[in-house]
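Thanks for coming. I have one structure to go through today, so please look at it while I talk.

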Amino acid sequence: MSKSEKEIVGLVDLHAHLAVHLPFWFMLFGGDPEKASSPKLTYSHAHHQHMNVDLLKKSGVKIYVQAALVNSFGCSKAKAEKQVLEQLEYVENVAKRHANDFAVAHTPEEARSIIAQGKMALIHALEGAEFLIDSVDDARFWRKRGVAMIAPIHLTDNEYGDASIMSGIKAVVNWKGWLKRAFWPSSRHGLTVLGKVAINNLLKAGIIIDTAHMSEQSLDQTLGLTATAKMPTIMSHGFVRQIRQEERGLTDRQIKSIYDLGGMLAITAGLPMLHPHGPLTPPVSSDHCQGSVDDYLLHVQHLEKLLGVNTQPMALGTDFNGFVAHLRPKCGAALTDFDRQGLAGPHLIPSMMDYLKNKNVGVESYNRSAERFLQIWEQAVVHADA
Ligand SMILES: [Zn+2]
Ligand SMILES: [Zn+2]
């Protein structure tokens with residue numbers, strides 16, 4: 001069979017949280033995703049379950065990356081491990097109970113075989129890894145458990161390095177970074193010594209590095225380390241600095257280096273992360289509908305300007321169940337479910353893709369994303385095992 005015959009055509013959603021109701025039960029009403037979805041579901045669902053299995057089955061996504069999250073308040077290594085293991089097991093059990101539709105892929109080969117059977121491949125990831133990748137053995141433990149991708153840093157500066165600081169009042173989310181920036185800016189250096197070790201531990205273990213949430217310096221240093229190892233990285237849910245002037249926004253230089261290394265990125269679909277900041281050239285049009293897919297399109301169109309249309313694979317990084325609202329409905333006349341409801345859940349992804357196609361977005365880029373994800377995973381594994 002030739003290479004092109006084996007290539008998967010379809011979408012990966014690089015970032016969602018199927019099991020987050022376990023550590024964060026107090027932040028997600030309607031917990032259990034195996035219950036029927038709420039008929040009142042809207043895009044403004046930050047604290048309501050919207051990864052219901054009935055919705056997930058309609059998403060049309062080939063690969064769904066499910067990130068475990070640690071509630072790190074008062075946490076220790078043992079507690080963090082326990083929380084992650086519980087979430088991984090939960091995802092495995094959901095897949096077993098709905099075996100006609102899903103299976104968990106612990107290796108790239110398993111993912112290819114699951115997709116060939118017409119099922120969705122669920123893949124384990126971690127968002128934030130404090131305590132969990134201090135040694136190569138730690139990292140190898142997660143690889144053995146089937147974790148494909150890890151973001152070492154999440155919302156606050158941690159033992160591995162600096163996280164990005166949001167603008168305005170949301171800066172308090174990274175209160176550690178905010179205090180350091182205000183009173184001791186020279187103490188923020190990007191990755192810590194342990195952080196650089198952790199990145200190398202992931203490379204040695206064959207786990208994809210997810211650079212989401214890193215500060216500009218942490219990201220630059222990570223890209224430097226992975227360039228030395230000639231290994232691609234993934235940015236699972238981000239946005240573009242040219243459109244939204246915040247530290248978490250990717251600069252053009254960073255976007256290019258992610259793709260130069262064979263990596264991939266996803267523009268998040270979380271509503272609070274997308275609306276433009278600062279003077280844009282050209283300015284947004286008079287009929288721009290803030291908070292809707294129009295915000296998302298500004299970022300995607302910037303990528304297309306930078307990289308070319310349908311030139312590079314582009315993924316989804318929805319952050320469903322990530323405690324954020326998603327794209328709101330379009331202002332004015334609505335033609336499709338996606339226009340009418342916004343991105344109220346994974347079941348509306350096919351309608352969103354139709355919308356993007358009608359807007360002349362290069363959807364072929366999206367359809368190449370599942371394949372690129374598997375190639376990146378395969379490369380990580382081969383590099384580690386060589
Ligand atoms: Zn996130
Ligand atoms: Zn998330």
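This is a predicted model: local features need pLDDT of at least 70, side-chain atom pairs count only at pLDDT 80 or more; totals for chains, interfaces and linings use all residues.

Residues are numbered from 1 along each chain as its sequence is written, and chains are lettered from A and ligands numbered from 1 in the order in which they are written.

Start with the core. The largest nonpolar core holds 110 residues. By nonpolar core I mean a set of buried Ala, Val, Leu, Ile, Met, Phe, Trp, Tyr and Cys residues joined through C-beta atoms within 7 Å. Buried means 20 or more other C-beta atoms within 10 Å of the residue's own, exposed means 12 or fewer, and partly exposed is in between, with C-beta atoms placed from the backbone. Among the residues with the most contacts inside this core are Val12, Ile63, Leu202 and Ile207. Ile207 touches Ala139, Trp142, Arg143, Val147, Ala148, Met149, Ile150, Leu202 and Ala380, leaving aside residues up to four places away in sequence. Contact here is C-beta atoms, placed from the backbone, within 7 Å.

Next, the helix pair. Helices (H or I, at least four residues) and strands (E, at least two) are DSSP runs, numbered from the N terminus. Helix 4, residues 108–116, packs on helix 14, residues 369–385, at about 150 degrees with the axes 9 Å apart. That makes the two roughly antiparallel, a label for angles over 145 degrees. Axes are lines fitted to C-alpha atoms over the stretch in contact, and angles run from 0 to 180 degrees between N-to-C directions. On the helix 4 side the contact uses Pro108, Ala111 and Arg112; on the helix 14 side, Leu374, Trp377, Glu378 and Val381.

Now helix 8, residues 216–228. How far apart are its end C-alpha atoms? They are 18 Å apart, which agrees with the 18 Å that its 13 residues should span at 1.5 Å a residue; the expected span is 1.5 Å times one less than the number of residues. Its buried residues are Ser218, Leu219, Gln221, Thr222, Leu223 and Thr226, and their cover includes helix 7, strand 6 and helix 9. Gly224, also in helix 8, is partly exposed, with 14 C-beta neighbours inside 10 Å.

Some backbone angles deserve a look. Most residues other than glycine have a negative phi. Lys230, which follows helix 8, has a positive phi near 55 degrees. His213 has a positive phi of about 75 degrees and lies in the loop between strand 6 and helix 8. Is His213 buried or exposed? It counts as buried, with 24 C-beta neighbours inside 10 Å. Phe131 has a positive phi near 75 degrees, in the loop between strand 4 and helix 5, and Phe131 is partly exposed, with 19 other C-beta atoms within 10 Å.

Asp339 and Ser351 are 12 residues apart in sequence and 8.5 Å apart in space, C-alpha to C-alpha.

Notes:
Two residues are in contact if their C-beta atoms, placed from the backbone, lie within 7 Å. Angles under 35 degrees count as roughly parallel, over 145 as roughly antiparallel, 65 to 115 as roughly perpendicular and the rest as oblique.
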